[in-house]
Amino acid sequence: QLVLDVMRLAFALYKYFPFSGLARDFMRIATLAVEKGHIVDVYVMEWHGDVPPKFNVYVLKAKGWTNHGRVGDFHQLLDNRLGLKTYDAVIGFNKIPSVDVYYAADPCFAERFSNKHCSHRLNPRYRFNANVEKAVFGEGSATVCLMISDVQMALFKQHYQTPNDRLVMLPPGIDANRRRPVDAENQRKKFRNQLNISEQDNVVLMVGSAFKTKGVDRAIEALASLPNSILRKTHLLVVGEGDAPKYERLADVKSVVEHVHFMDGRTDIPSFLLSADLLLHPARKENTGTVILEAMVAGLPMLVTGVCGYAKHVEKSRAGKVLGVPFSHGELNDELLVMLTNDKQNWVSNALAYAETEDLYSMPEKAILAIEQVAARRKDAI
């Protein structure tokens, strides 16, 4: 299909925060666009961290008394700015009306309320979010949606009858620097020494911000359920930004505070993946769960909830265990103990074999190709 040699692209997202999965996906796609010679302008309400070379970042100072009011103001400010420049395509990383392409990292909003009393429809916040989602996926929209979860794609089709030609399923996009290096064992020992953790100790790793959504409280409860003989040599490392003091208090109440370590947001995630014995991801909801596949390609066994979009890869690879739905604390406690006390080599071998044979890496390339095709069709239609 026809694609443009050089494009002028506008990327829009509410907040760039370098430790979020959405931000990392945005950065990889936008960076690849720049590497291909395209011109990239980025519009945000907030930008945290360094601005890469050749990115033109515009912070739009949206105002509003409520979060949805502020987001609505951002939509209006963005429309005003887009009206002053000509772009080959506008790509949204949040649900934004009138974008040409939407990277669908967020779950279906309509599905959340499908079984609730209709009184919620009177809520202004609900109406705003429902209208925005309909503007992207509904019948009157022309937005092409880049899907990263087959489960969510089915839900959007169910609620909005979105036609197939506006839905593009992407493969995962795990960064190659997450893959297990040849000197993994040396890196593991070196990093454990830096953390003052013995090679004989168990390291359970959690990665992600939004601690409640990711299930940090569930992890602490499960840690506290371990027999003392296992608990005394087990550490839970939580890498990400969230309300750490709240969960430290929970760990104190559960008498495991000395075994729970909050590491804040970090850029050296590959070192944590290599130094850990188990990835624990007991999320309450998770569109995909990029860290699950990052653990996979690093050869780290996984224990995850079945609600995670990428839990299917854990089942298919047999590189860990998937908890049933609905969630059971007893099952989590039991499986954590089993995985900590059993030989992990089969899980490790299965993970690395899966990482070699499955396409877990090409999302940015496929996303850019889809964006180029949308831009080419728009130009052809003018």
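How many bridges pair strand β10 with strand β11, and in which sense? The points below answer this and then go through both sheets.

1. This is a predicted model, in which local features need pLDDT of at least 70 and side-chain atom pairs count only at pLDDT 80 or more, while totals for chains, interfaces and linings use all residues. Residues are numbered from 1 along each chain as its sequence is written, and side-chain values use heavy atoms, with hydrogens and water left out.

2. Strand β10 (residues 202-207) pairs with strand β11 (residues 234-239) in the parallel sense, over six bridges. Strands here are DSSP E runs of at least two residues, helices are H or I runs of at least four, and both are numbered from the N terminus. Two strands pair if DSSP finds at least two bridges between them. Across this pair, V204 stands opposite L236 in β11.

3. Strand β10 also holds N202. N202 is buried, at a relative accessible area of 9%; buried means under 20%, exposed over 50% and partly exposed in between, with a 1.4 Å probe and protein chains only. Leaving aside residues up to four places away in sequence, N202 touches I230, K233, T234, H235, D277 and L340. Contact means heavy atoms within 4.5 Å.

4. β10 and β11 belong to an open sheet of six strands with parallel pairing, in the order β12-β11-β10-β13-β14-β15. Its edge strands are β12 (260-264) and β15, each of which pairs on one side only. From one strand to the next, the twist averages 20°. Axes are lines fitted to C-alpha atoms, for helices over the stretch in contact, and angles run from 0 to 180 degrees between N-to-C directions.

5. In that sheet, strand β14 (residues 302-305) pairs in the parallel sense with β13 (residues 278-281) over three bridges and with β15 (residues 320-323) over four bridges. L303 of β14 stands opposite L280 and also opposite K321 in β15.

6. How is the chain connected around β14? β13, helix α12 (residues 290-298) and β14 make a right-handed β-α-β unit. From β14 the chain crosses through helix α13 (residues 311-317) to β15, and this crossover is right-handed as well. Right-handed means that, with the strands pointing away from the viewer, the path from the first strand over the helix to the second runs clockwise.

7. A further open sheet has seven strands in the order β5-β3-β1-β6-β7-β8-β9, with parallel pairing. β5 (55-59) and β9 (167-169) each have a single partner strand, so one side of each is left without a neighbour in the sheet. The twist averages 20° from one strand to the next. Within this sheet, four bridges join the parallel strands β1 (residues 8-12) and β6 (residues 89-92), and F11 stands opposite I91 in β6.

8. Residues D25, R28, I29, L32 and A33 in α1 meet M363, P364, E365, A367, I368 and I371 in α16.
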